[in-house]
Amino acid sequence: MGKRNVWFVLIGLAALGTAWWMPAEAQNERQLHQEQQETRASARLFDVLEGSGARVASVEVRTRISLGKLSGTEEMKDLAAKWADRLDMPLSEAKWTQSSHLFTYQVPANLYGVQLDYQVTGVPHKDGIDTYLVLSIKGNRDSLPYVDLIQNKHEQALKQAGFIPQFSTCIRGLYNVKLSVDQQEGKILSIFDALHAKELERLQDETVVSISGYTSEWNSFLSLNGQARMNLQVATHRDSLNGTWITAGTPIITAEY
């Protein structure tokens with residue numbers, strides 16, 4: 001069974017309707033509580049996947065932010081280099097690639113066993129270049145504390161510049177047996193139970209199960225059909241060689257599964 005592709009979707013937090021009149025101290029406490037919730041999403045997903053019997057293989061947190069429209073490639077390169085420096089990325093590793101429909105300034109790095117990928121991408125139009133900053137932080141169980149540390153550092157840098165970054169989290173694990181569809185469903189529902197999550201949608205065939213839902217453990221969510229809140233997706237698929245893979249994401253899976 002081939003892996004299912006899920007396009008990366010970055011959805012912002014819903015605006016808090018009463019936040020504008022709250023006293024500054026109350027707003028700060030609420031923001032701190034939200035940050036604490038979001039930063040422990042990766043560790044929480046690790047725990048529930050391992051609790052279901054999976055051997056966790058990897059974690060990835062990712063964000064995408066619009067940097068606006070620029071006039072040309074030199075301006076884009078300059079902005080990309082400034083942001084790379086601000087995020088402490090090694091400028092000596094920077095690479096520039098260009099095609100007729102996409103420009104990319106990329107800086108890879110490895111820190112404390114964590115793989116970092118920094119990109120500023122540009123989509124050219126007749127009246128300029130639409131630019132986006134994309135950050136990917138990948139690690140494993142051993143490097144999880146450093147994943148959180150780097151995420152927090154990048155998040156603070158983006159906030160200081162006036163952005164509101166929304167990081168997605170994706171955890172991947174493996175069961176060393178080939179599970180039937182019913183067994184896959186049972187594993188996913190056990191994770192939903194552990195997170196006190198409500199099921200909203202599901203996709204299922206002979207070898208793949210994917211269930212989406214909502215849990216109050218995290219504040220970020222996307223709107224499903226313009227109404228229901230969704231911030232959890234868990235999917236499984238049988239591997240012809242290794243067993244059964246499981247992938248969990250919040251607010252949505254942002255990688256192949």
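Predicted model: local features only at pLDDT ≥ 70, side-chain atom pairs only at ≥ 80, totals over all residues.
Is Glu155 buried or exposed? With a relative accessibility of 9%, Glu155 counts as buried, because the cut-off for buried is under 20% relative accessible area. You will find Glu155 in helix H4. Show its surroundings next: leaving aside residues up to four places away in sequence, Glu155 touches Pro165 and Phe167.

**Along helix H4**

Lys159 is partly exposed, at 25% relative accessibility, while Glu155 is buried at 9%.

Next, select Arg202 and Glu185. These two residues form a salt bridge in which the closest N and O atoms are 2.8 Å apart.

Select Asp127 and Lys69. A salt bridge joins their side chains, at 3.3 Å from N to O. Asp127 lies in the loop between E4 and E5, whereas Lys69 lies in strand E1, so this pair ties together parts 58 residues apart in sequence. Colour by accessibility here if you like: Asp127 counts as exposed at 54% relative accessibility, and Lys69 counts as partly exposed at 46%.

Then pick out Asp47, Glu50 and Arg141, which are linked in a network of salt bridges. In total, the structure holds 10 salt bridges.

**The sheet**

Switch to a cartoon view and look at the strands. In what order do the 10 strands of the open sheet run? Follow E2-E3-E4-E5-E1-E6-E12-E11-E8-E7, with antiparallel pairing. At the edges are strand E2 (95-98) and strand E7 (198-204), and each of them pairs on one side only. On average, neighbouring strands in this sheet are turned by 15 degrees against each other, direction ignored.

Strand E2 pairs with strand E3 (residues 103-111) in the antiparallel sense, over four bridges. For a detail to zoom in on, select Thr97, which stands opposite Thr104 in E3.

Now bring helix H3 (residues 73-86) into view. Helix H3 packs on the sheet, where it touches strand E1 (55-70), E2, E3, strand E4 (114-125) and strand E5 (128-139). The direction of helix H3 makes about 15 degrees with that of E3.

**Strand E11 and its partners**

Move along the sheet and select strand E11 (residues 232-239). How many of its eight residues are buried? Seven are, so to speak, under cover: strand E11 is mostly covered. On one pairing, E11 joins strand E8 (residues 208-214) in the antiparallel sense over six bridges. Select Ser212 to see an example, as its bridge partner in E11 is Gln233.

E11 also runs antiparallel to strand E12 (residues 243-250), with seven bridges joining the two strands. Here, Val234 stands opposite Ala248 in E12. E11 and E12 form a hairpin, with three residues between them.

**Zooming out**

Finish with the whole chain. Its secondary structure comes to five helices and 12 strands. Of the 257 residues in the chain, 46% are buried. Looking at contacts between residues at least 6 apart in sequence, 60% join residues at least 24 apart.

Last, colour by confidence. The chain has an average pLDDT of 85, and 84% of the residues score at least 70. Select residues 1-39 to see where the pLDDT is below 50; beyond near neighbours in sequence, this stretch has 60 contacts in the model.

Note on methods
Residues numbered from 1 in each chain as written. Heavy atoms only, no water. pLDDT = per-residue confidence, 0-100. Contact = heavy atoms within 4.5 Å. Buried < 20%, exposed > 50% of the residue type's maximum accessible area, 1.4 Å probe, protein only. Pairing = 2+ DSSP bridges. Axes fitted to C-alpha atoms, helices over the stretch in contact; angles between N-to-C directions. Salt bridge = Lys/Arg side-chain N within 4 Å of Asp/Glu carboxyl O.
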